[in-house]
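This report examines one structural model, section by section. Please keep the sequence and the structure at hand while reading.

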Amino acid sequence: MSHVEYAAAMLREKFGDRIPAVEEFRGQTTVVIDRGAIRAACQLLHDDPRLSFDLLAALTAVDYWPEEPRFSIVYQLYSLQHNIFLGLRVPLLSSSPEVASIESVYPNANWHEREVFDMFGVTFGGHSDPRRILMPADWVGHPLRKDYPLGYEEVQFTFNAAEIDRRKAYAKE
Amino acid sequence: MPPTSMEVTVDELKHLVSPRALAGDTMLLNMGPQHPSTHGVLRLLLELDGEVVVTCIPDIGFLHTGIEKNMEVKTYTQALVMTDRMDYLNNLGNNLTYCLAVEKLVELDVPPRAQAVRVILTELQRISSHLVWLATHALDLAAMSVFLYCFRERELILDLFEMVSGQRMMTSYIRPGGLWRDLPPGFEDAVRRFLKAFPARIAEYESMLTKNPLFVDRTRRIGVISAEDALRWGLTGPMLRGSGIGLDFRKAQPYSGYEQYEFDVPTGTHGDTYDRYLVRMAELYQSVRIIQQALDRLPGGPFISSNRKFVPPPRSELGHSMEAVIHHFKLWTEGFPAPKGAVYVATESPRGELGCYLVGDGGPKPYRVHFRTPSFAHLQVLPRLSKGHFVADLVGIIGSADIVLGDADR
């Protein structure tokens, strides 16, 4: 059993049916986790000396609109000691795009979660600084959502700004 | 009366400054985004007690260009050009990371010659990126001549890039499956000439800085971060190695045949600005070593995969092969499809771990591309590094983090 499989098995043992699936693709393992268990799972992966995933390498999201569950929050953890990556994936329904923040386990999740909030509108419960990070603070809408258009926007001038604004349905959610 | 925009900004950040700022005991000072020592467009809101930094709140996004969103509407090949524009000191490294992700997603093999050339070019890129870092870092600390010396050598490397790709910076030379073209005649000799001259130049920079009391005073015990904290905050690359953890993805998870080359991973001990300087200087020598080895055993053979489902056929085939014409047409009009699934690839950029998370949906365009960029991770730790230091040292700390705002904001 490779160490990645061992980590996945340990998560399964501990969280049981809150882990609906373990995905294998191109030699990479991604554990699908129920959103309620993500913080505890990260805590276990970080603290347990047999696992010791000490680096949160990446945290991002994917929007599968119009499919459900719409969002996937994806975590990439790296273990220095065992030299392995482990992916975690938390599916979220579009009706409640919310998940617990893992900032208490991996402090660098702070900015990554802010980016996901900024780009996808997913909120992180217990986040210490839930602001936008890349877009201006007064921006409306979340650009990386699939229903957010790319380009082909009418240019707004002072004389027609309000009129064009009224036609922009996506910015008004 | 409506509040002015400045007050709104400070109001919004109220929870991040100390209570003393609200009482008026400390001063809030805006630094950037147009400040020359912020290495691009970084804005910092500083809370100062006299000259000492109490808190520093980075405000990024001024260079956000929606690269990840833009890539979603381009084919896998077209999307490659966006990666050049991300970290503009590591263009070939970005090309490589993205190509490795695409190749992993569609299971495409890369011929050995292309692998070796990729290593040579990305190591040259590492040297040129470190030269810009050294130049600006030294300039921030008032060492003007180092700046001029470093840019002199960087030009030589950019000339090499121009030789292979026709472009100094926006190269797009590394393509899924291999390279755009084979190396031009004279390239190997040009690189050898550079390698011969360069180590003496590194010694020249070192003689100007390493034992220079002015430089050492401004960098030693400045911006210290311990090994545990560095890991907790997701630091990688020279930032992590400066604190004594020798994580280098070229060694830990080799790609492009890095396992064939002998090189050391330099580490520091104190985790301060000076140690990060030493680590990067030592890396210059290691890059020279790697390029030397790769040049010495540069294999012959094809420079790009011959899998016609992903790689367009050469021009010479189009005249006599109907199949080649079909492949050419298909690949340049609709591109190649990639299966449903997601891959994550991590490489060692000059700044740290550059990761690419790529999601395919069965179509010819990436469904989602995310770049985990080292500058983003390193900027986040700036408040910790700068706490309790003078404003003048803050400039040195930003320099030692070696950030590129195009990399942080994407």
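## The open sheet of chain A

In this predicted model, five strands of chain A form an open sheet, and their order across it is E1-E2-E5-E4-E3. The pairing in this sheet is mixed. Strands of a sheet pair through backbone hydrogen bonds, and this pairing is either parallel or antiparallel. Strand E1 (21–25) and strand E3 of chain A are the edge strands, each of which pairs on one side only. From one strand to the next, the twist averages 25°.

One pair within chain A may be followed in detail. E3(A) and E4(A) are joined in the antiparallel sense over eight bridges. Within chain A, A:Thr60 stands opposite A:Val74, a residue of E4(A). Helix H3(A) lies across E3 and E4 of chain A and runs at about 10° to E3(A).

## Chain A as a whole

Chain A contains four helices and seven strands. Read from the N terminus on, its elements follow the pattern α-β-β-α-β-β-β-β-α-β-α. Taken along the principal axes, the C-alpha atoms of chain A fill a box of roughly 65 × 30 × 25 Å.

How much of chain A is buried? Of its 173 residues, 36% are buried. Contacts in chain A can also be sorted by distance along the sequence: among those between residues at least 6 apart, 50% join residues at least 24 apart.

## Where chain A touches chain B

The contact between the chains takes 28 residues from chain A and 33 residues from chain B. On the side of chain A, the elements that give two or more residues are strand E3 (55–63), strand E4 (71–79), strand E5 (84–92) and helix H3 (109–120). The largest share of this side, six residues, comes from E3(A). By class, the side of chain A that touches chain B has 18 nonpolar, seven polar and three charged residues.

Chain B is divided into domain 1 (5–59) and domain 2 (71–305 + 337–372). The C-alpha centres of these two domains of chain B lie 33 Å apart.

E6(B) pairs with strand E7 (residues 353–360) of chain B in the antiparallel sense, over eight bridges. In this pair, B:Ala342 stands opposite B:Val359 of E7(B). The hairpin of E6(B) and E7(B) has four residues between the strands, and B:Gly352 takes a positive phi near 155° there.

## The largest nonpolar core

The largest nonpolar core has 146 residues. Which residues have the most contacts inside this core? They are A:Leu77, B:Ala101, B:Ile120 and B:Leu358. Helix H6 (residues 112–140) of chain B supplies the largest share of the core, 13 residues. The core also draws at least three residues from each of domain 1 (5–59) and domain 2 (71–305 + 337–372) of chain B.

Leaving aside neighbours within four places in sequence, B:Ala101 is in contact with B:Val343, B:Val345, B:Cys356 and B:Leu358.

Key:
Residues numbered from 1 in each chain as written. Chains lettered and ligands numbered in written order. Predicted model: local features only at pLDDT ≥ 70, side-chain atom pairs only at ≥ 80, totals over all residues. Contact = placed C-beta atoms within 7 Å. Nonpolar A, V, L, I, M, F, W, Y, C, P; charged D, E, K, R; others polar. Pairing = 2+ DSSP bridges. Buried ≥ 20, exposed ≤ 12 C-beta atoms within 10 Å, placed from the backbone. Domains from an automatic or database assignment. Axes fitted to C-alpha atoms, helices over the stretch in contact; angles between N-to-C directions. Core = buried A, V, L, I, M, F, W, Y, C linked by C-beta atoms within 7 Å.
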